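Trainee: Could you help me learn to read a protein model? I would like to go through it one feature at a time.

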Amino acid sequence: MEKAYIVGNKITGYLLRPGTAHYQEFVDVGYSINDPEQLKTHLLTGVKTHNAIERKPSENGSRKFQVDMELGVTKKKLFRTGWQIDAGTTEPRFITAYRIKEGGMKMFELAELVRIKTTGDIGTVCDISTRDGITIVTVDRTGYCESEDYEERVISVNASDLELVGGI
């Protein structure tokens, strides 16, 4: 994971942008939109110094990893980060990060296959967040979690409306 990188505005446009799924989790531990490089540095250091757990490779040849690490400026909390090595490359690319709640059950992992009970659709878990005490899981029905039309292909549902199909 030595060559890990974070693309473009992933920090300011996703993790530290007010209103996004995990914004408050990062603000609560002292990160700020005024210093996005601090979070970026901590993520890149963490991925190099913590154990990476590889998930089953995807059909397109990409390899996915999760790395749990403590992050924070004013206080430390445990976060799960997702990284992907795209087919034909060797460098891990940052995908997502979210706080792991202490004592909470980890219902789903990133990149697990789930079925939406109400529709029967099967997809890949791309993001997990908590809103008003309810676990919300973002599911990409095509399984990629990243691309130009990502916003059009995902659905966010209550975790209780999902069942596990299998891990990647």
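Mentor: Let's start with contacts, meaning heavy atoms within 4.5 Å. Of the contacts in the protein with a separation of 6 or more, 46% join residues 24 or more positions apart. Keep in mind that this is a predicted model, where local features need pLDDT of at least 70 and side-chain atom pairs count only at pLDDT 80 or more, while totals for chains, interfaces and linings use all residues. Residues are numbered from 1 along each chain as its sequence is written, and side-chain values use heavy atoms, with hydrogens and water left out.

Trainee: How many helices and strands are there in the protein?

Mentor: Helices (H or I, at least four residues) and strands (E, at least two) are DSSP runs, numbered from the N terminus. Here you will find 4 helices and 9 strands. Their order from the N terminus is α-α-α-β-β-β-β-β-β-β-α-β-β.

Trainee: And how do I read burial?

Mentor: Buried means under 20% relative accessible area, exposed means over 50%, and partly exposed is in between (1.4 Å probe, protein chains only). Buried residues account for 43% of the 168 residues in the protein.

Trainee: Which residues have the most contacts inside the largest nonpolar core?

Mentor: In soluble globular proteins, nonpolar side chains tend to be buried together. A nonpolar core is a set of buried Ala, Val, Leu, Ile, Met, Phe, Trp, Tyr and Cys residues joined through side-chain atoms within 4.5 Å. The largest one has 21 residues, and Leu15, Phe26, Leu39, Leu43, Leu71 and Trp83 have the most contacts inside it. Elements giving two or more residues to this core include helix 3 (36-49) and strand 3 (77-85). A second, separate core of 6 residues includes Val114 and Leu162. Back in the largest core, take Leu43: among the residues that Leu43 touches, leaving out those up to four places away in sequence, are Ile6, Met69 and Phe94.

Trainee: How many salt bridges are there?

Mentor: A salt bridge is a side-chain nitrogen of Lys or Arg within 4 Å of a carboxyl oxygen of Asp or Glu. By this rule there are 3. In one of them, Arg80 pairs with Asp68, with the closest N and O atoms 2.7 Å apart. Because Arg80 lies in strand 3 and Asp68 in strand 2, the pair ties together parts that are 12 residues apart in sequence.

Trainee: Is Arg80 buried or exposed?

Mentor: Arg80 is buried, at 3% relative accessible area, whereas Asp68 is partly exposed at 23%.
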